[in-house]
Amino acid sequence: MATKKIIVILGATGNQGGSVAETFLQEPQWHVRAVTRNPLSTKARALAARGAEIVQADMDAPYTLSSAFENAQVIFAVSDFWGLYGDPANAAKATKDQPLNVWAANHETEQLKGVIDAAANVPTLERFVLSSLSNATKWSQGKYTHVYHFDSKAKAEAYGKETYPELWKKTTIFQAGFFLSNFVSNPILQPQKQAHGVVHFVGNLDPDVKLPFIASEEDSGPIVKALVQDSAGKNVIGYREWITLRGVAEAFTQATGIKAEYIMLPKGQSNIPLPPDLQLELDDNWAYCNEFGYEGRDDPTIIHPKDLGSPPQLDSVVNYFKKQDWSKVFNA
């Protein structure tokens, strides 16, 4: 009987990592090693019940990664800027000279550097898949410098490419697109039902700019599987549909039968009041996407899922919206 290959998945109880774990648990030739800080969590136990090996490790303690990565053929690495930013335990990390989002970005970069250092020392490694995002400062030519949750990942990616050329020969970049779950659970982007019954999708993005929309909890796994099957060196922007915000509103109407519109707000306005540091970051984020593309459209290395050797078969935005309980969103 052939020995199974080992895929190590960081963030295996989260959206991206959970989808990757779900996909590879269905592949009999793969052994899934799910890395988590809390092996006793409900999600970790569910993975164990499905046959995953659960390993405790922490990106804040890089020395724990060596044993987690031992004998791995594939490593999928993902980090969580918003988890760092939103964790009440980190609130005190903000200072007069360093807002919380700047701290979170710097910390995320250091976490990923630790992961990259550890991955570079795995002799059995055949593929390193890094979840990253475009470098907004670089691709906007210095115009938008506050998109910290993009640049934090891109900086770690640049570190790995420069520091470990041999590892980078085995590396593929997965850029997760705009999360559809934002419309369900993120107060900044949740649609609002008006008194006359029409639903408004509200934001600062240009209604005519196409964006890559992904259901990260469903689509990340199939895309990563396609990347593992393909040759290394890819930089893929991951999405199920490339559509405008007007298209998103139309998909909602098709899914629910409720008329929906997209309303573009002026710069500096939001669905909800935001801290000044976050407002500045998101203003730059939306402007960068409007002008230079979510993926940094001038980046010549960008490819799309359809360009892969075995393109993943992904569902539609309409079907994603059909599965959601919108009454909870509108009554929140």
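**Terms and values in a predicted model**

Reader: What does the side chain of S220 reach, and at what distance?

Author: The side chain of S220 lies 2.8 Å from the backbone oxygen of S216. A polar contact is a pair of N or O atoms within 3.5 Å; within protein, one must be able to donate a hydrogen and the other to accept it, and residues adjacent in sequence count only if both atoms are side-chain atoms. This is a predicted model, in which local features need pLDDT of at least 70 and side-chain atom pairs count only at pLDDT 80 or more, while totals for chains, interfaces and linings use all residues. Residues are numbered from 1 along each chain as its sequence is written, and side-chain values use heavy atoms, with hydrogens and water left out.

Reader: Why is S220 counted as buried?

Author: Buried means under 20% relative accessible area, exposed over 50%, and partly exposed in between (1.4 Å probe, protein chains only). S220 has 0% relative accessibility and therefore counts as buried. S220 belongs to helix α10, residues 216-229; helices (H or I, at least four residues) and strands (E, at least two) are DSSP runs, numbered from the N terminus.

Reader: Which residues does S220 touch, leaving aside those up to four places away in sequence?

Author: They are Q16, S19, V20, F174, I214 and A215, where contact means heavy atoms within 4.5 Å.

Reader: What makes α7 and α12 roughly perpendicular?

Author: The axes of α7 (residues 148-163) and α12 (residues 276-292) come within 9 Å and cross at roughly 75°. Axes are lines fitted to C-alpha atoms, for helices over the stretch in contact, and angles run from 0 to 180 degrees between N-to-C directions. Angles under 35 degrees count as roughly parallel, over 145 as roughly antiparallel, 65 to 115 as roughly perpendicular and the rest as oblique. The two helices, α7 and α12, are therefore roughly perpendicular to each other. Y148, H149 and F150 of α7 meet E281, N285 and Y288 of α12.

Reader: Why does N71 count as partly exposed, and why does Q141 count as exposed?

Author: N71 has 45% relative accessibility, so it counts as partly exposed. Q141, at 70%, therefore counts as exposed. N71 sits in the loop between α3 (65-68) and β4 (74-77), and Q141 in the loop between α6 (136-139) and α7.
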